[in-house]
Amino acid sequence: MNKELFVTYEIALKLKAKGFDELCAAKFNKKSFQLNSLGCGQNYNNGTFGANLISCPTYQQVFKWFREKHKYHTQIELDCTSKPKYAYKIYKLGNDIEESINVMYPRLYSDLYYTYEAAEKDAVLEILKLIK
């Protein structure tokens, strides 16, 4: 299994603090990454399995949770002006179309990243700052 598909321990802790409680195919046990047996989904953030276990979601799960629970949408785009680079934009959907068009991030785009995964990671960290 490709560990790059899953969030880091730092992000997993922050997600738990923000109320992330979805079933995950992996977990952290005292900072050690572990896949669940047969990839079965478990929720380790509810305290049932002990304080040392923390759910470890994929980035895809996290972005879905941001959309469904907090209405934050992320767009990661490719910039090909010289070397290929990536940037992200964060939107928060409002109650009407006009409110939804506004970009939540103060700049039009984020900084540029040399990998898609780096842009994805920083987008998650930025949205976690926005969630109250």
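Student: What lies 2.8 Å from a polar atom of the side chain of lysine 85?

Tutor: That would be the backbone oxygen of lysine 83. Keep in mind that this is a predicted model.

Student: Okay, and where does lysine 85 lie?

Tutor: Lysine 85 is part of strand β5, which covers residues 85-92.

Student: Is lysine 85 buried or exposed?

Tutor: Buried: its relative accessible area is 9%, and the cut-off for buried is under 20%.

Student: Which residues does lysine 85 touch, not counting those up to four places away in sequence?

Tutor: Glu77, Leu78 and Asp79, plus Leu112, Tyr113 and Tyr114.

Student: Switching to another lysine, what's up with the phi of lysine 71?

Tutor: Lysine 71 isn't a glycine, yet its phi is positive, about 65°. You'll find lysine 71 in the loop between α2 (59-70) and β4 (72-79).

Student: And how accessible is lysine 71?

Tutor: Its relative accessibility is 39%, so lysine 71 counts as partly exposed.

Student: Zooming out, how many helices and strands are in the protein chain?

Tutor: The chain has 4 helices and 5 strands. Starting at the N terminus, the order is α-β-β-β-α-β-β-α-α.

Student: What share of the chain's residues is buried?

Tutor: 38% of the 132 residues.

Student: And what about the surface of the protein chain?

Tutor: The accessible surface is about 8,100 Å², and carbon and sulfur atoms account for 52% of that.

Methods
Residues numbered from 1 in each chain as written. Predicted model: local features only at pLDDT ≥ 70, side-chain atom pairs only at ≥ 80, totals over all residues. Heavy atoms only, no water. Helix = DSSP H or I, 4+ residues; strand = E, 2+ residues; numbered from the N terminus. Buried < 20%, exposed > 50% of the residue type's maximum accessible area, 1.4 Å probe, protein only. Polar contact = N/O pair within 3.5 Å; in protein donor to acceptor, adjacent residues only side chain to side chain. Contact = heavy atoms within 4.5 Å. Areas by Shrake-Rupley, 256 points an atom, 1.4 Å probe, with all protein chains shown as cover.
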